[in-house]
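Reader: I would like a close look at one part of this model, the place where the two chains meet. Please build up to it from the chains themselves.

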Amino acid sequence: MSDLWLRRPLSPAVLHILLALTDGPRHGYAIKQEAELRSQGQVRLKPGTLYEAIQRLLDADLVREARGDCHPSNGQEAQRRYYALTARGRKVLRQEIEQLSRFVDYAHTKLEPA
Amino acid sequence: MTRLYRVLLALYPRWFRERYEAELVEAFAAERARAEHRGPIGTVRFWIEMLLDVVASAYRTRRRGARRVSTQPPRRSFMEGLSQDVRHAVRQLVRQPVFSAVAVLSLALAIGGNAIIFAFVDGFVLHPFAYPEPDRVVTIGSTFPRMSDEERFVEAISLPEYLDISRMRSIESFAVFDLGNRNISGGDRPERVFTGLAVTDPFGPFRLPPALGRGFAPGELAPGGPDVAILSHRLWRGRFGGDPSIVGRSVRVNGRPTSVVGIMPPELLILGVDLWIPHGSNPEEMPRRMRQFTLVGRLADGASLAEANAELSVIAAQTAASYGAEFEEYESWRLSATPWVEALMRDIRGSMQLMRGAVAFVLLIACANLSSLLLARSTTRQREMAVRLALGAARWRIARHLLAEVALLALAGGAAGLLLAYAGLPALVDLVPPQLNTLGVTAAINGRVLAAAALFTIGSAALVAVLPVLQSTRANPHDALKAESRGATSARTTLRLRHGLIVAEIALAVMLLMGAGLFMRSLANIRAVDPGFEPANVLTMRITLPVEKYQGTAINRFFQELVDRLGQSPGVRAVSVASQFPPQGPFSFSFSIEGRPAPDNSLPTALVTVASTDHFETLRVPLVAGRRFTAEDRENAPRVAIVNQAFASRFFPGRPALGERIRFGSGDDISEPMQIVGVVANTRNRGLSSPPSPEVFVPLHQQTVNNQLFLLVRSDGDAAALLPVVRQQIAALDPDQPVYAVRTLEDVIAAATFRNELPMILFGVFAAVALTLAAVGIYGVMSYAVSARIQEIGVRVAVGADRRDVLWLVLGQVLRLTALGLSIGLAGSFAASGAIRRALFEVQPMDPATIAAVVGVLGAVALAAAWLPAARATRVDPVNALRCE
């Protein structure tokens, strides 16, 4: 498997999921809440989109399941799957952010009078 | 709500659903909790968002899933290619909404019409009854050539004849019954119900068990058996509220306590009989001439209809040999077995077949139209096709594109057509005359109709696709891509094909128009028929006196008293009772003329009507010679009769009938001689569309008593307004006496003409649809032809053609096509005239006036359809036309 199926630049949904996982493993709904919080409500991941994107990231080996890495606090939590970034995922994210920041720099030079 | 969401999740591939369902639902629930505060609009928005989310992500998952399993390079599977074709087709059709709408609508009309007619054919002819193997249930009919050529199925056989027939091996378990009416009480009010008087158990041949209880036991059917009854399902539901405890209880039939032993299943409504009671007679002791029994049997296992008929002809010959000397009517008499369904539906079968043919034409026209539209489109897309061919696309791939489009159109048309049929069927079922409804048959959309509609859809798709597919795959990329040619050569073949289709459409439309026109003329002729009496302001009803209460002279005393009382009531002009009245005359009898041996020993028959004194005044039938009946024509007075002109001229040609004497019957069973004292004008007494039959009228008091008579009351004004007066007078004589079949004479006549009206209505509708479709087709082809020839027209205008020349260029073309279509259509009508002739009245299938009207209408419609394109052609600016491209 490769990241053949991940279009570049990464879609906002994918980007936000990867970012949400930088702090450590989270379950799906926590990813969604984190993404909404960080974007101040700009990004609203709907359930279908969220899990479809997660599956895509799993397939592309950017994210892995992290069942053992967490400590469920109650029974309900135990049913949830946790996801964590893979090394590859971290690398792709970093590349993407670098690319984006270069793009942002370039955009600034165009907008601000030299 | 969450359940609905779970249903939506079915859109995902299974593996995805299994993995994420719990989490998706949890996330959904959390979202929904947040959305709840946003009011109804917020809720709707929330659901739309969720729906789009599921659809979009499921689509992405599936697409990816499909690729995940495939190897590289991705080679598309057949199914994928197909789904691509379908998506392409959807886009094409959405992009041309007018074309799609016209196509779907015309197919919907045609398929819907076919489905409705098929529902009728299925419900009334193919599968009207729900008992097992209906084809094997047969009825025995008899024909007595000495009396009439008519073959009778219902009330056709006498019990001694039944005993002869019951010896046969190829038919078993006969249901034998007489029909009559009985008053039933034990409920809120007395009611007159159609009754079967069973000689054998009525369940026998139908092989359906009673809904409740049992059938008749042999002991109950024997003479002197107990009073028992079986009720029809509808009577049980309607009158006794479907109470199952009715079985074993007692109801009163004509005043006698009778115990109910069984309930018929709902599928079994034999001839509309609601009440079954034993006939209670010994068949061997019944007279041979009392042929009022109906026989229904089932073909024995392994026996065929032909075997049964062979056996019956042997039996008929044996009976004739044994009894022919005593009963002369047995000479060359015939017995026959006919499937029960066929015998019952004899009358409507023919018109059903006609309808089927007509509506099939509509479907063909719709297909031709669509085919033509697609041909036009495939020409404009010629380059696209050529490019794709040149780039190496397989020809079948291109054909598949087109097929996908046609299939989608047909599918949409079929679905819309079914909806149309579903909506339109009840209205048409209401048009069915009530005498068919009493048989318990009706038309409905069932599995067979759905299957037929599917077949129509597939068939029409195949028909539609054939020409465009052939045309498009034949495209030659080399020619089509040459810049100058614009695919001109193949445009010309396409145009030729489309001209052919237009001619076919016109021809089919002509045949339908001819049908509609002929039925219209037929109906007009029937309406114009002088019935020989004045139907306005006459109220009719049937009165049947129960035999338990009225016997002998009491019967005629009741009727005479009723007539006398009503005659003095305000608003009544004239009143009479009679055993039958025009336009229907079911009762006929054989008779002989005194002093004249019947030629070749066969007895003539005539309608025989028992009538009270004022009968001719009530109907306003003029007296031609002699006198009317008077109060003097009583029981002990000399026997008299009045005949109609048809009788007088048939049996006494060239000399007066007055003074001649006739007798009814023959042999031992002969009446006293009656002297003819009057001749009245003819009425249409065998239906409005048949010539008047010879008829004999005899006075009420001089005949064997008849406990069932019709009351006819002529009023000063609205006949129906007299009903309370009539009821009041009847109640004054006998408060328990019901009346039924209350109708005005005008309603009776309207019901009689209905059979001629229905085909006219349906053919009219079909013809209108056909005409519209043909007009659309002509318009489409001509518009296309004008745009294809725009340069040519430009050149013509440039070299001096004026507007009229250009107009004629287009209209002339249309007229040529129309003339060709008309000739073919008229030839087709001529070929089909045999099928329609029997359904027409006093108009020939190739009626010149109808032909003229059809030619006129069709020509006008064709010219109107071509007018817009022709007008556009006249506005062609030569400079622009020659410059473009």
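To begin with, what percentage of the 114 residues of chain A count as buried?

Author: This is a predicted model. Start with chain A. Of its 114 residues, 47% count as buried. Its secondary structure comes to 5 helices and 3 strands. Read from the N terminus, the order is α-β-α-α-β-α-β-α. Chain A exposes about 6,600 Å². Carbon and sulfur atoms supply 52% of that surface. Now take the contacts in chain A with a separation of 6 or more. Residues 24 or more positions apart account for 58% of them.

Chain B comes next. Chain B has 885 residues, and 51% of them count as buried. It holds 27 helices and 23 strands. Its accessible surface comes to about 40,500 Å². Of this, 59% belongs to carbon and sulfur atoms. Among contacts in chain B between residues at least 6 apart in sequence, 81% join residues at least 24 apart.

Now the interface. On the chain B side, 24 residues are in contact with 23 residues of chain A. The area buried between the two chains is about 2,300 Å². Carbon and sulfur atoms give 49% of that area.

Polar links come in two counts. The rule finds 5 salt bridges across the interface. It also finds 10 residue pairs in polar contact there, both residues at pLDDT 80 or more. On the chain B side, H2 and helix H3 (39–69) each supply at least two residues that touch chain A. H2(B) gives the largest share, 12 residues.

Helix H2 of chain B covers residues 14–35 and bends by about 60° at Tyr20(B). Tyr20(B) itself is buried. Other buried residues in H2(B) include Phe16(B), Glu23(B), Leu24(B), Val25(B) and Ala27(B). Further along the helix, Phe28(B), Glu31(B) and Ala35(B) are buried too. An α-helix has 3.6 residues a turn, so residues three or four places apart point the same way.

Glu23(B) takes part in a link between the chains. Its side chain meets that of Arg81(A) in a salt bridge, at 3.0 Å from N to O. Side chains of opposite charge can pair when their charged atoms come close.

Glu52(A) is found in helix H3 (residues 47–59) of chain A. What surrounds Glu52(A), leaving aside its neighbours within four places in sequence? Its contacts are Phe16(B), Ser57(B), Arg60(B), Thr61(B) and Arg64(B). Phe16(B) is one of the buried residues of H2(B). The relative accessible area of Glu52(A) is 0%, so Glu52(A) counts as buried, the cut-off being under 20%.

Thr61(B) gives the view from the other chain. Thr61(B) lies in helix H3 of chain B. Again leaving aside neighbours within four places in sequence, Thr61(B) is in contact with Glu52(A), Tyr12(B), Pro13(B), Trp15(B) and Phe16(B). Thr61(B) also has a relative accessible area of 0%, and therefore counts as buried.

Over all chains the count comes to 38. In chain A, the side chains of Asp23(A) and Arg38(A) meet in one of them, at 3.1 Å from N to O. This pair links distant parts of the chain, 15 residues apart. Asp23(A) sits in the loop between helix H1 (12–20) and strand E1 (26–27) of chain A. Arg38(A) is in helix H2 (residues 28–38) of chain A. Asp23(A) counts as exposed because its relative accessibility is 56%, and the cut-off is over 50%. Arg38(A), at 41%, counts as partly exposed.

A second bridge joins the side chains of Arg26(A) and Glu34(A), at 3.4 Å from N to O. Are these two residues buried or exposed? Arg26(A) is buried, and so is Glu34(A). Salt bridges that share partners join Asp23(A), Arg26(A), Glu34(A) and Arg38(A) into one network.

Arg655(B) forms a salt bridge with Glu660(B), the closest N and O atoms being 2.7 Å apart. Arg655(B) counts as partly exposed, at 38% relative accessibility.

Conventions: Residues are numbered from 1 along each chain as its sequence is written. Chains are lettered from A and ligands numbered from 1 in the order in which they are written. This is a predicted model: local features need pLDDT of at least 70, side-chain atom pairs count only at pLDDT 80 or more; totals for chains, interfaces and linings use all residues. Side-chain values use heavy atoms; hydrogens and water are left out. Helices (H or I, at least four residues) and strands (E, at least two) are DSSP runs, numbered from the N terminus. Buried means under 20% relative accessible area, exposed over 50%, partly exposed in between (1.4 Å probe, protein chains only). Contact means heavy atoms within 4.5 Å. Accessible areas come from the Shrake-Rupley method with a 1.4 Å probe; for residues, only the protein chains shown count as cover. The bend at a residue is the angle between axes fitted to the seven residues ending there and the seven starting there. Buried area is the accessible area (1.4 Å probe) that two parts lose on being put together, summed over both. A salt bridge is a side-chain nitrogen of Lys or Arg within 4 Å of a carboxyl oxygen of Asp or Glu. A polar contact is a pair of N or O atoms within 3.5 Å; within protein, one must be able to donate a hydrogen and the other to accept it, and residues adjacent in sequence count only if both atoms are side-chain atoms.
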